[in-house]
Amino acid sequence: MMTIPPPTHVPVLLQEVLDHLTLPPAARILDLTLGLGGHAEALLARGDAETRYLGVDRDPEARALAAQRLGHDARLSILAGAYEDLWEDPQFLAWRIAQAPEGFDAILADLGVSTLQLRTPGRGFSFRDEGPLDMRMDPEHGLSARAWIAEQTDESLADAIYQYGEERASRPIARAILKALHEDRLGTTRDLARAVYSVIPREPAKRKGHSDPATRTFQAIRIVVNGELDRLAAALESAVAHLRPGGRLAVISFHSLEDRIVKQTLRRLAGIYDGPGRTAPVELPKILKLVHAGGIAPSEAEAAANPPSRSARLRVAERLP
Ligand SMILES: C[S@@+](CC[C@H](N)C(=O)[O-])C[C@H]1O[C@@H](n2cnc3c(N)ncnc32)[C@H](O)[C@@H]1O
């Protein structure tokens, strides 16, 4: 009988991350999105015997797989939880005081969902597979996508689909989704996709080589269900506060909304004013240096070998003394 291998996740912009997060001896590394441990494995391979690596993830399945892959390495500690809530977490603070009293040399945030999450039908992230309408990265907390949709009005659902999916047909799509819900036809990912296709038929888009019309709606609902953008700026600011002088923060984002928040936050912490008018009303403290003015995109070879990496952008900043 043929066995289907479990989904894997190819770490994105790996060489670029390794090039920009150069590790001193006995490096202290914080990985805010451990996932399946792809970046972790490569960074640990670069570190010496005294390196210590703290990997955080909110997804129990990801943590279990990362532990299976890297658990033999005593330099790695794995912590459960969302990075937004990490900074007050007693377990994090105890680790930080014991293992990294001077702060971290490198902090990595590889944002968004993993291939494991996207490709496991039971997690409910993908319109390609039939699965429960869930989409939670941490299935033990918060509302599933279906439960969240059930709390929306036509207007609030349309607003979310427009804001987080940049979907122009957000209003008719929201109406179609809530109609399906009220007619008891919204239990699964395919049901949600069908509601979108009732507004934007799938075939013409497919023929023209465009992305599936459900992509934007699924992205929007996933972002809201996981609160992906809500506290990202504050979390990055907290991360910077835990860098030692000369330490670096590397952030990989996957869509323009996310990248905009990362860019604006790092620029603000680098003392760069982007607000209205020519000068800032108050002088901005300058605690970071931008290592690259723009975001770093994957090479053509990487984009061809791993198409989901195409939209990824890496931004790197260094903590000033
Ligand atoms: C793109 S994957 C990371 C992949 C990883 N770098 C690797 O190479 O295997 C993103 C991971 O971040 C986790 N994640 C997303 N948002 C999170 C949050 N707010 N707090 C903690 N983990 C989060 C997801 O559960 C997922 O496993």
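The structure is a predicted model, in which local features need pLDDT of at least 70, side-chain atom pairs count only at pLDDT 80 or more, and totals for chains, interfaces and linings use all residues. Residues are numbered from 1 along each chain as its sequence is written. The protein chain contains 14 helices and seven strands, where helices (H or I, at least four residues) and strands (E, at least two) are DSSP runs numbered from the N terminus. Its radius of gyration, 21 Å, is close to the 20 Å that the globule rule gives for 321 residues, so the chain is as compact as a globular protein of that length. The radius is taken over C-alpha atoms, and the rule is 2.2 Å times the number of residues to the power 0.38.

**Overall fold**
- The C-alpha trace of the protein chain spans about 65 × 60 × 40 Å along its principal axes.
- Of the 321 residues, 41% are buried (20 or more other C-beta atoms within 10 Å of the residue's own, with C-beta atoms placed from the backbone).
- Among contacts between residues at least 6 apart in sequence, 66% join residues at least 24 apart; a contact requires C-beta atoms, placed from the backbone, to lie within 7 Å.

**Domains**
- The domain assignment gives domain 1 (14-112 + 229-319) and domain 2 (140-225), with bounds that come from an automatic or database assignment.
- The centres of domain 1 and domain 2, taken over C-alpha atoms, are separated by 31 Å.

**Ligand shell**
- The ligand is surrounded by 20 residues, of which P11, T33, G35, G38 and D59 are the closest; a residue counts as near if its C-beta atom, placed from the backbone, lies within 6 Å.
- Helix α2 (38-46) and strand β2 (52-57) each supply at least two residues of this shell.
- By class, the shell has seven nonpolar, eight polar and five charged residues (Ala, Val, Leu, Ile, Met, Phe, Trp, Tyr, Cys and Pro count as nonpolar, Asp, Glu, Lys and Arg as charged, and the others, Gly among them, as polar).

**Helix α9**
- Within α9 (residues 189-197), the buried residues are T189, L192, A193, A195 and V196.
- These residues cover an arc of only 155° around the axis, which puts them on the same side of α9; the arc is that of the directions from the helix axis to the C-beta atoms.
- Among the elements covering the buried residues of α9 are α8 (170-182) and α11 (214-225).

**R146**
- R146 lies in helix α6 (residues 145-150) and is buried, with 21 other C-beta atoms within 10 Å.
- Leaving aside neighbours within four places in sequence, R146 is in contact with L133 and L186.

Conventions:
Buried ≥ 20, exposed ≤ 12 C-beta atoms within 10 Å, placed from the backbone. Contact = placed C-beta atoms within 7 Å.
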